[in-house]
Amino acid sequence: MIHRSLLFVPGARPERFEKALAAGADVTCIDLEDGTPPQSKDEARAATAAFVATRPAAVRINGVGTPWFEADVEALKGVSGLTLIMLPKAESADQVALLSQKLGPDHAPLWVVIESAEGLKNAWDIAAAPGLQGVLFGGADYSVDIGSDMEWDALAYARGRLVAACARAGVQLLDVPFLDVRDPDGLIAATRRVRAMGFTGRACIHPDQVKGVHEALTPTPAQVDHANKVIEIFKAAEGGPALLNGKLIDLPILRAAERVLDTAKRS
């Protein structure tokens with residue numbers, strides 16, 4: 001399933017878990033990493049494991065090499081409601097393999113956050129790691145790592161490299177959350193821009209952002225109608241050259257149309 005939106009909820013605030021689930025995001029992700037201060041890790045982990053045992057949610061655990069990684073993995077082994085498990089600060093495919101091995105067979109889908117220069121350098125290998133289904137671009141941490149701001153030009157290279165790596169591996173790619181929760185128009189515009197680059201979705205940090213992300217990523221009726229016409233004309237031409245409104249319809253255009261329709265079905 002393509003995830004258009006992933007809504008983070010702090011692991012240290014279990015009273016918000018149900019509200020986050022009700023926000024309508026494709027994935028609700030309880031955050032045991034940045035969303036949980038060190039003094040609350042143990043309590044948040046226990047509350048998260050208990051919640052996910054009965055309700056469908058994802059969990060972002062603490063990274064490899066932190067004091068909490070092993071305990072997070074153990075607490076989530078075999079938990080029935082876990083929809084995906086996200087590893088932050090991924091910098092090698094070996095870290096993905098380590099997480100998979102520790103979780104054991106039949107574990108939840110694995111996602112990673114790439115948020116450092118080292119992670120970006122190894123993005124091709126990380127995205128292609130066995131069992132990995134998706135990547136989140138951690139643009140805030142990445143900008144700190146390279147000493148830039150978070151403006152579009154500063155992060156354009158990282159976004160482009162991640163799009164190529166994830167497309168090659170056939171995995172999903174979510175963009176960094178839009179940090180200004182009071183700017184819904186800016187959220188929609190920025191999300192449309194990353195969609196045009198090849199991102200499949202965006203993370204959210206507030207329930208109110210989910211609607212805007214879905215609006216930006218869901219094909220319009222006009223786009224769906226155009227995609228259907230592309231497929232009809234391509235079939236009528238039996239795979240040969242065809243024109244629609246004077247424009248050539250070939251296999252790449254067909255694949256793009258099929259993607260539009262697939263996204264629309266999941267919306």
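**Note on the predicted model**

1. Of the 267 residues in the protein, 45% count as buried; this figure, like the others in this note, comes from a predicted model. The accessible surface of the protein amounts to about 13000 Å², and carbon and sulfur atoms account for 53% of that surface.

2. The C-alpha trace, followed along its principal axes, spans about 65 × 40 × 35 Å.

3. The protein contains 12 helices and 10 strands. When contacts between residues at least 6 apart in sequence are considered, 66% of them join residues at least 24 apart.

4. Two residues deserve a careful look at their backbone angles. Most residues other than glycine have a negative phi. Lys-89, however, has a positive phi of about 50° although it is not a glycine, and this residue lies in the loop that runs between strand E4 (82–87) and helix H4 (93–103). Is Lys-89 buried, partly exposed or exposed? With a relative accessible area of 37%, Lys-89 is partly exposed, because that value falls between the limits of 20% and 50%.

5. Asn-245 also is not a glycine and has a positive phi, here of about 55°. Its place is the loop between strand E9 (242–244) and strand E10 (247–249), and at 69% relative accessibility Asn-245 counts as exposed, because the cut-off for that class is over 50%.

Note on methods. Residues are numbered from 1 along each chain as its sequence is written. This is a predicted model: local features need pLDDT of at least 70, side-chain atom pairs count only at pLDDT 80 or more; totals for chains, interfaces and linings use all residues. Side-chain values use heavy atoms; hydrogens and water are left out. Helices (H or I, at least four residues) and strands (E, at least two) are DSSP runs, numbered from the N terminus. Buried means under 20% relative accessible area, exposed over 50%, partly exposed in between (1.4 Å probe, protein chains only). Contact means heavy atoms within 4.5 Å. Accessible areas come from the Shrake-Rupley method with a 1.4 Å probe; for residues, only the protein chains shown count as cover.
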